[in-house]
Amino acid sequence: MRKIFIADAHLKRPEDPNYRTLVRFLENLPADTETLYLLGDIFEFWIGNPEPVYGHYREIVDCLKQVRGRGVRIVYFEGNHDFHLDRFFGEKLQAEVHRAGALLEIGGQKVYLCHGDEINREDYRYRAFRLLLHNPVVKALVPIFSRRIADHAAAVLSRRSSSRHSLREKRWDYRVILDSFARNRFASGCDAVITGHYHLPMIKREPGRLFISLGDWITHYSYAQWLDGEFTLESYREN
């Protein structure tokens, strides 16, 4: 059976190329796909349990419902643009939702999966901001926010994330940070580590060890796949 791993699509508008391509990818998942792992930031902004569903995300949600209806298990790891998802994705899509990274068994291997936004321990400003957004009080307040307030918050978060991304890249060497994180996980007994967030498609193999950074579904259209006991990093290209 096949397993698919995707992160960082940052979907905004249905007419955007990455949105359309992801819809087609999901509609045409191979018939032997057993599990779809979504490792965060699939959406540019999704907090809580919106009713009705954000209009610009209705098509992708319907697409995920069809995937689930075909018997594909969905496992969602919250990111820094999509969180407090347990109620909507758990109830509506029967997805398994993880608020943080988790160690799962895949094909007999111990695999640590996470979005990756907590990997850089030195980004104190972001970590404080994340702690605020993930606070239970914020989660309780989300249902009473008007759609207009939610849309404004989405725009602010998007601008903030984009403006600081290049600054972070100049300040930190993400490849070094990711390598250190993976080695710590290997030392704790993991066989493999898969993460998103950094938009760097990368796969590193060592005897008994595997690290994958998923890249993104914006410019790279990259994803990981487990098939016949082997992990690979793929790039989706339509004919």
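Colleague: What should I know about the model before we start?

Modeller: It's a predicted model, where local features need pLDDT of at least 70 and side-chain atom pairs count only at pLDDT 80 or more, while totals for chains, interfaces and linings use all residues. Residues are numbered from 1 along each chain as its sequence is written, and side-chain values use heavy atoms, with hydrogens and water left out.

Colleague: How many helices and strands does the protein chain have?

Modeller: Seven helices and 13 strands.

Colleague: What makes L93 buried?

Modeller: Its relative accessible area is 1%. Buried means under 20%, exposed over 50% and partly exposed in between, using a 1.4 Å probe and protein chains only, so L93 counts as buried. L93 is in the loop between α3 (86–92) and β6.

Colleague: Which residues does L93 touch, not counting those up to four places away in sequence?

Modeller: V61, L64, K65, R68 and F88. Contact here means heavy atoms within 4.5 Å. As for D62, it is 31 residues from L93 along the chain, with 9.6 Å between their C-alpha atoms.

Colleague: Where is Q94, and why is Q94 called partly exposed?

Modeller: Q94 is also found in the loop between α3 and β6. Its relative accessible area is 47%, so Q94 lands in the partly exposed class. Q94 has a positive phi too, near 50°, and is not a glycine.

Colleague: Is D41 buried or exposed?

Modeller: Buried, because its relative accessibility is 1%. D41 sits in the loop between β2 and β3 (46–47), and has a positive phi of about 55° although it is not a glycine.

Colleague: Why does K3 count as buried?

Modeller: Its relative accessibility is 11%, so K3 counts as buried. K3 lies in strand β1 (residues 2–6).

Colleague: What makes the link between K3 and E34 a polar contact?

Modeller: The two side chains come to 2.6 Å. A polar contact is a pair of N or O atoms within 3.5 Å; within protein, one must be able to donate a hydrogen and the other to accept it, and residues adjacent in sequence count only if both atoms are side-chain atoms. Leaving aside neighbours within four places in sequence, K3 also has contacts that include T35, Y37, I106 and W226.

Colleague: How do you know that β2 and β4 pair?

Modeller: DSSP has to find at least two bridges between two strands for them to pair. β2 (residues 33–38) and β4 (residues 73–77) have four, in the parallel sense. One example is L36, whose bridge partner in β4 is I74.

Colleague: What is the strand order in the open sheet?

Modeller: Six strands run β6-β4-β2-β1-β12-β13, with mixed pairing. β6 (96–98) and β13 (230–235) are at the edges because each has a single partner strand, so one side of each is left without a neighbour in the sheet. From one strand to the next, the twist averages 20°.

Colleague: What makes β11 (residues 209–214) mostly covered?

Modeller: Five of its six residues are buried.

Colleague: Why are α1 and α2 called roughly parallel?

Modeller: α1 (residues 17–27) and α2 (residues 58–69) pack at about 15°, with axes 10 Å apart. Axes are lines fitted to C-alpha atoms, for helices over the stretch in contact, and angles run from 0 to 180 degrees between N-to-C directions. Under 35 degrees is roughly parallel, over 145 roughly antiparallel, 65 to 115 roughly perpendicular, and the rest oblique. The pair is therefore roughly parallel. Residues making the contact include Y19 and L22 of α1 and I60 and C63 of α2.

Notes:
Helices (H or I, at least four residues) and strands (E, at least two) are DSSP runs, numbered from the N terminus.
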